[in-house]
Amino acid sequence: MRVKSSPEDRVRIGELSRRTGVHERLLRYYEEQDLLRPRRRSSGYREYDEADVVTVRRIRGLLAAGLNTTAIATVLPCLRDEEEHLVPTCPDLLADLARERDRITRAITDLQTSRAALDRVIAAAPSDVTARALDAHPELSAVLA
């Protein structure tokens with residue numbers, strides 16, 4: 001549901017970018033993904049309002065939570081803001097979010113397995129190789145110690 005806004009309350013893409021910290025190219029991408037639906041002036045310029053600022057912030061939060069834009073398109077209509085939190089408003093959304101959480105958990109497990117494998121390879125390095133690596137790259141001391 002879009003709240004009515006007067007023409008003087010609307011902004012163009014550069015202003016939306018400035019207000020949200022999101023590059024114009026990404027804002028256009030969000031539009032391509034049907035996450036944003038700006039109005040168009042007769043000149044073709046996009047117009048955004050305050051609701052779009054809120055939507056972009058929600059998108060950024062959901063991306064930071066590990067959701068991709070396809071998942072965000074599904075969950076975005078079923079969220080509302082309550083103080084500092086997004087609150088689900090559709091019963092099916094909880095199952096979708098649980099599936100996304102499980103996907104992220106599997107990815108974390110896979111990354112931890114990969115890191116453990118790299119740790120074993122690093123630990124197998126002969127001491128003279130480790131010493132030379134530390135001489136050349138002192139920042140590696142936490143990894144090679």
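This report walks through helix packing, salt bridges and a few individual residues in a predicted model.

**How the first helices pack**

Two packed helices are described by the angle between their axes and the distance between the axes. For helix α1 (residues 13–20) and α2, the axes come within 9 Å and cross at roughly 105°. Angles of 65 to 115 degrees count as roughly perpendicular, so α1 and α2 are roughly perpendicular to each other. On the α1 side, the residues that make this meeting are Ile 13, Gly 14, Leu 16 and Ser 17, and their partners in α2 are Glu 24, Leu 27 and Arg 28.

Helix α2 (residues 24–32) also packs on helix α3 (residues 50–64), with axes that come within 12 Å and cross at roughly 90°. That makes α2 roughly perpendicular to α3 as well. Here Leu 26, Leu 27 and Tyr 30 of α2 meet Val 56, Ile 59, Arg 60 and Leu 63 of α3. Leu 27 is worth a click in the viewer: it touches α1 and it touches α3.

Is Thr 55 buried or exposed? Thr 55 lies in helix α3 and is buried, because its relative accessible area is 18% and the cut-off for buried is under 20%. Leaving aside neighbours within four places in sequence, Thr 55 is in contact with Leu 35, Leu 36 and Leu 76.

Gly 61 sits in helix α3 too, but this one is partly exposed, with a relative accessible area of 37%.

**Salt bridges**

A search of the whole structure turns up 14 salt bridges.

| Pair | N to O distance |
|---|---|
| Arg 10 and Glu 47 | 3.7 Å |
| Glu 24 and Arg 28 | 3.4 Å |
| Arg 132 and Asp 128 | 3.3 Å |

Take Arg 10 and Glu 47, which form a salt bridge. This pair links distant parts of the chain: Arg 10 is in the segment before α1, while Glu 47 is in strand β2 (residues 46–47), 37 residues apart. Glu 47 counts as buried, at 10% relative accessibility.

Glu 24 and Arg 28 are 4 residues apart in helix α2, so about one helical turn separates them. Both ends are partly exposed: Glu 24 has a relative accessible area of 28%, and Arg 28 has 32%. Remember that Glu 24 and Arg 28 are also among the α2 residues that meet α1.

In helix α6 (residues 127–136), Arg 132 and Asp 128 are likewise 4 residues apart, which means a separation of about one helical turn. Arg 132 counts as exposed at 52% relative accessibility, whereas Asp 128 is partly exposed at 43%. Elsewhere, salt bridges that share partners join Arg 10, Arg 41 and Glu 47 into one network.

**A nonpolar patch**

Which residues make the nonpolar surface patch of about 250 Å²? They are Leu 118, Ile 122 and Val 143. Of these, Ile 122 has its place in helix α5 (residues 91–123) and is partly exposed, with a relative accessible area of 31%. That value just qualifies, because patch residues need over 30% relative accessible area.

Key
Residues are numbered from 1 along each chain as its sequence is written. This is a predicted model: local features need pLDDT of at least 70, side-chain atom pairs count only at pLDDT 80 or more; totals for chains, interfaces and linings use all residues. Side-chain values use heavy atoms; hydrogens and water are left out. Patches are made of residues with over 30% relative accessible area and no salt bridge: like charges are joined within 9 Å, nonpolar side chains (Val, Leu, Ile, Met, Phe, Trp, Tyr) within 5 Å. Accessible areas come from the Shrake-Rupley method with a 1.4 Å probe; for residues, only the protein chains shown count as cover. A salt bridge is a side-chain nitrogen of Lys or Arg within 4 Å of a carboxyl oxygen of Asp or Glu. Helices (H or I, at least four residues) and strands (E, at least two) are DSSP runs, numbered from the N terminus. Buried means under 20% relative accessible area, exposed over 50%, partly exposed in between (1.4 Å probe, protein chains only). Axes are lines fitted to C-alpha atoms, for helices over the stretch in contact, and angles run from 0 to 180 degrees between N-to-C directions. Angles under 35 degrees count as roughly parallel, over 145 as roughly antiparallel, 65 to 115 as roughly perpendicular and the rest as oblique. Contact means heavy atoms within 4.5 Å.
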